[in-house]
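Hi,

Here is the structure I promised to pass on.

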Amino acid sequence: MSALWRVHVDPRRCIGSGICAGAAPDHFVLVADASVALAELVEPSQEITDAAESCPMEAITVRDALDDRHISPGRDGRT
């Protein structure tokens, strides 16, 4: 695993609930009723996986930046 994760918010799935911005305010903000990741590449953080796991639409994906391994959310909504 690399020292960086790649975070993506799918704008087609995001409903702008704001849960991610509440769970990880240093990493997500709401813009025009949709979530936006403040940075695509981030250091691994429990806040980020919590935000991805909490998204009701599973619009947030977290992958390892080096090998593209899926990190979050888990298939059943948990890692």
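One definition before anything else: a polar contact is a pair of N or O atoms within 3.5 Å, where, within protein, one atom must be able to donate a hydrogen and the other to accept it, and residues adjacent in sequence count only if both atoms are side-chain atoms. You can see one at the start of helix 2, where a side-chain oxygen of Ser45 lies 3.1 Å from the backbone nitrogen of Glu47 and so Ser45 caps the N-terminal end of that helix.

Some housekeeping. This is a predicted model, so local features need pLDDT of at least 70 and side-chain atom pairs count only at pLDDT 80 or more, while totals for chains, interfaces and linings use all residues. Residues are numbered from 1 along each chain as its sequence is written, and side-chain values use heavy atoms, with hydrogens and water left out.

Now the overall picture. The chain has 2 helices and 6 strands, running β-α-β-β-β-α-β-β from the N terminus on. (Helices, H or I with at least four residues, and strands, E with at least two, are DSSP runs numbered from the N terminus.) The radius of gyration is 11 Å, close to the 12 Å that the globule rule gives for 79 residues, so the chain is as compact as a globular protein of that length. That radius is taken over C-alpha atoms, and the rule is 2.2 Å times the number of residues to the power 0.38. The C-alpha trace spans about 35 × 25 × 20 Å along its principal axes.

On to the strands, which count as paired if DSSP finds at least two bridges between them. An open sheet is formed by 4 strands in the order 4-1-5-6, with antiparallel pairing. Strand 4 (41-42) and strand 6 (70-72) are at the edges with a single partner strand each, so one side of each has no neighbour in the sheet. Strand 5 (residues 60-64) pairs with strand 6 over 2 bridges, and Arg63 has His70 as its bridge partner in strand 6.

There is also a hairpin. Strand 2 (residues 28-31) and strand 3 (residues 34-37) run antiparallel and are joined by 4 bridges; Leu30 has Ser35 as its bridge partner in strand 3. The hairpin has 2 residues between the strands, and Ala32 takes a positive phi near 50°.

What about the inside? Buried means under 20% relative accessible area, exposed over 50%, and partly exposed in between (1.4 Å probe, protein chains only). By that cut-off, 39% of the 79 residues are buried. In helix 2 (residues 46-54) the buried ones are Ile48, Thr49, Ala51, Ala52 and Glu53, and their cover includes strand 1 (5-9), helix 1 (19-23) and strand 5. Val9, in strand 1, counts as buried at 11% relative accessibility. Leaving aside residues up to four places away in sequence, Val9 touches Cys14, Phe28, Ser35, Ala37, Ala59 and Ile60, where contact means heavy atoms within 4.5 Å.

Finally, how many disulfides are there? With a disulfide defined as a pair of cysteine sulfur atoms within 2.5 Å, the count is 0. Cys14 is in none, and the nearest cysteine sulfur, that of Cys20, is 6.2 Å away. Cys14 is buried at 18% relative accessible area, and Cys20 is buried at 8%.

Cheers
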